[in-house]
Amino acid sequence: MRIRFTSAAAVTAATAATLAVVAAPAQATEYSSSLKIKGVQYDAPGRDSNNCRTGNSRSEYVTIKNYSRTATINLKGYVVRDTTSSNKFTFRSNHYLQPGDYVSLRGGHGTDSDAKNVVYRQNCNFIWNNDKDTIYLYKPSGAHADTHAYTKSRDDRDGNGYINYHG
């Protein structure tokens, strides 16, 4: 009797593990970080122009949010990049996000502002591709904080160039 009980428990545990693996979506990689990508304006409104004076690269941005209920996070040392490692931004200054707070990392030149929740890349080149790309967020240690891949046809149903993640 005891052997049957052990076998049934083992089968039940194995079945539960299999179901847990099957139920997880392929793109649902979850990293242990309270800092996550909230959304991306990957296609700036209007005709793309990376001219620093007259272009629209400031309208392309990624929003990063602190989803912690208690911890304040300093962005200094965090890295945001796309699929190509040459398109990246490192937060070089202290920028503190209180629980529930967010920051928009924008292209173009501007003055960073904690009050307005904005940091500028000080670069007028676009970072996100208009058809598809992957957004990576890394902790100062180099560990993944969050990653999202998108394609315009799959993820931007309303065609406005903005995709929302993590609500």
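Which residues have the most contacts inside the largest nonpolar core? They are Val 80, Phe 91, Trp 128 and Ile 135, in a core of 24 residues. The model is predicted: local features need pLDDT of at least 70, side-chain atom pairs count only at pLDDT 80 or more, and totals for chains, interfaces and linings use all residues. Residues are numbered from 1 along each chain as its sequence is written, and side-chain values use heavy atoms, with hydrogens and water left out.

The protein contains two helices and eleven strands. Helices (H or I, at least four residues) and strands (E, at least two) are DSSP runs, numbered from the N terminus. Along the sequence the pattern reads α-β-β-β-β-β-β-β-β-β-β-α-β. Of the 167 residues in the protein, 37% are buried. Buried means under 20% relative accessible area, exposed over 50%, and partly exposed in between (1.4 Å probe, protein chains only). Among contacts with a separation of 6 or more, 58% come from residues 24 or more positions apart. A contact requires heavy atoms within 4.5 Å.

A nonpolar core is a set of buried Ala, Val, Leu, Ile, Met, Phe, Trp, Tyr and Cys residues joined through side-chain atoms within 4.5 Å. In soluble globular proteins, nonpolar side chains tend to be buried together. The largest core here has 24 residues. Two or more residues come from each of strand 1 (35-41), strand 2 (61-66), strand 7 (102-106), strand 9 (132-138) and strand 10 (144-151). Strand 1 gives the most, with three residues. Phe 91 touches Ile 64, Leu 75, Lys 76, Gly 77, Tyr 78, Val 80, Leu 105 and Val 119, leaving aside residues up to four places away in sequence.

Four strands form an open sheet in the order 5-4-9-10, with antiparallel pairing. Strands pair if DSSP finds at least two bridges between them. Strand 5 (88-90) and strand 10 are the edge strands, each pairing on one side only. From one strand to the next, the twist averages 10 degrees. Axes for such angles are lines fitted to C-alpha atoms, for helices over the stretch in contact, and the angles run from 0 to 180 degrees between N-to-C directions. Strand 4 (residues 79-81) is joined to strand 9 by three bridges, and the two run antiparallel. Val 80 stands opposite Leu 137 in strand 9.

The structure holds one disulfide (a pair of cysteine sulfur atoms within 2.5 Å). Cys 52 and Cys 124 form this bond, with their sulfur atoms 2.1 Å apart. Cys 52 lies in the loop between strand 1 and strand 2, and Cys 124 in the loop between strand 8 (118-120) and strand 9, so the pair ties together parts that are 72 residues apart in sequence. The torsion about the S-S bond is about 120 degrees, so the disulfide is right-handed. Cys 52 counts as exposed because its relative accessibility is 53%. Cys 124, at 6%, is buried.

Two salt bridges are present. Each is a side-chain nitrogen of Lys or Arg within 4 Å of a carboxyl oxygen of Asp or Glu. One joins the side chains of Lys 152 and Asp 43 (3.9 Å, N to O). Lys 152 lies in helix 2 (residues 152-155) and Asp 43 in the loop between strand 1 and strand 2, so the pair ties together parts that are 109 residues apart in sequence. Lys 152 is partly exposed at 36% relative accessible area, whereas Asp 43 is buried at 17%. Arg 154 and Asp 155 also meet in a salt bridge (2.8 Å, N to O). Arg 154 is partly exposed at 33%, and Asp 155 is partly exposed at 27%.
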